[in-house]
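Work through the exercises below with the sequence and coordinates open. Each task is followed by a solution in steps.

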Amino acid sequence: MKHFVIVAILVVLCTFLVYYGLVSLGLLPQQASLQAVSIDKLFNVHLWLISFLFSLIVGILIYSLVVFRRRKGETGDGVYIEGNTRLEVLWTLIPLGAVIFLAYIGAMSLAEVQRIDPSAMVVKVIGGQWFWKFQYPDYGFSSDKLYLPVNRQVDLQMTSQDVIHSFWVPEFRVKQDLVPGRTTDLRITPTRIGQYKVSCAELCGASHAYMEGAVNIVSQEDFDKWVTEQKSAAPVDPVLRGQQLAQQYGCANCHSTDGSAKNGPTWKGIADSTVPLSDGSSVIADNTYLTTSIVNPNFQIVSGFPANVMPSFANTLDQTEVEALVAYIQSLK
Ligand code: CUA
């Protein structure tokens with residue numbers, strides 16, 4: 001009995017030490033969303049459990065090694081013990097209870113994290129190799145930065161234009177995949193004004209590690225100001241805009257602008273030229289051809305290039321962006 005009391009005291013002390021030691025390491029990034037509160041509560045329960053189990057096992061182990069070690073002159077065998085029904089029932093029931101408890105608090109947290117606020121603002125998120133694009137359907141513009149007003153739920157409706165990507169801002173805790181051909185939802189209520197970074201959390205090709213975007217959480221006034229700025233932005237020269245878009249959306253990865261060979265046909269001199277197609281026919285690269293090649297790239301395949309390599313940009317670029325790209329291609333004589 002004496003041993004049990006001593007070990008129990010040691011385990012309790014060690015549990016507190018390990019727990020506060022782990023917490024002081026600052027394992028979690030800043031908490032910046034309402035959803036993060038429920039997730040962090042779960043982390044906290046697990047930290048306590050980890051600390052307790054570690055202390056229980058290591059405490060009993062070290063105590064036994066020290067107190068029940070073989071002393072000088074002791075040569076006999078240890079006591080022979082065969083089974084202990086009460087202990088076996090206990091070490092089955094306690095973990096069973098623990099697992100049911102964890103499943104329960106996990107399900108409650110999931111419900112809390114997915115709770116729908118009817119006044120949520122909708123932002124459409126498009127991921128691609130390798131960019132993030134955020135469309136604001138309520139305001140009619142899009143941006144490569146995510147601006148959100150603080151303390152208002154946002155419904156991020158996400159899709160991918162090529163492979164699977166994953167939207168992840170560690171400070172918000174929650175994470176969601178972007179799947180081509182499907183719309184997935186993620187709800188976030190930012191609670192802290194500041195600048196964050198969205199990373200892609202799904203291996204999506206050579207530049208996966210650099211697929212990052214700026215996330216700005218601002219006050220409602222600053223958000224309104226930003227919206228006005230975006231809407232009243234001076235119209236830019238379409239050729240310049242097209243050049244920016246070609247960089248932003250990775251066109252330049254496959255299409256050269258100086259005639260050199262890449263995975264796709266070069267853009268130099270393509271406008272108004274006669275393009276041979278893989279079915280033996282040919283087409284004049286006019287406005288219609290260039291536009292179709294961006295929104296429906298497999299409709300006409302250029303001779304010598306494989307089909308199904310280029311994804312469609314129909315849902316990624318809006319009409320003015322497609323027009324700007326075509327203008328840029330047409331400027332590359
Ligand atoms: Cu997109 Cu990794």
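Two strands pair if DSSP finds at least two bridges between them. Helices (H or I, at least four residues) and strands (E, at least two) are DSSP runs, numbered from the N terminus. The model is predicted: local features need pLDDT of at least 70, side-chain atom pairs count only at pLDDT 80 or more, and totals for chains, interfaces and linings use all residues. Residues are numbered from 1 along each chain as its sequence is written, and side-chain values use heavy atoms, with hydrogens and water left out.

**Exercise 1.** Find the partners of strand 1.

Solution. 
- Strand 1 pairs with strand 5 (residues 154-160) in the parallel sense over 7 bridges; here I126 stands opposite T159.
- Strand 1 also pairs with strand 2 (residues 131-136), in the antiparallel sense over 5 bridges; G127 stands opposite W132.
- Strands 1 and 2 form a hairpin, with 2 residues between them.
- Buried means under 20% relative accessible area, exposed over 50%, and partly exposed in between (1.4 Å probe, protein chains only). Of the 8 residues of strand 1 (residues 121-128), 6 are buried.

**Exercise 2.** Check the length of helix 4 and describe its two faces.

Solution. 
- The expected span is 1.5 Å times one less than the number of residues. For the 12 residues of helix 4 this should be 16 Å, and the end C-alpha atoms are 17 Å apart, which agrees.
- F223, W226 and V227 are buried in helix 4. They cover an arc of only 100 degrees around the axis (taken from the directions from the helix axis to the C-beta atoms), which puts them on the same side of helix 4.
- The face turned away from this buried side carries the exposed residues E221 and K225.
- With contact meaning heavy atoms within 4.5 Å, the buried residues of helix 4 pack against strand 1, strand 2, strand 3 (141-143), strand 4 and strand 10.
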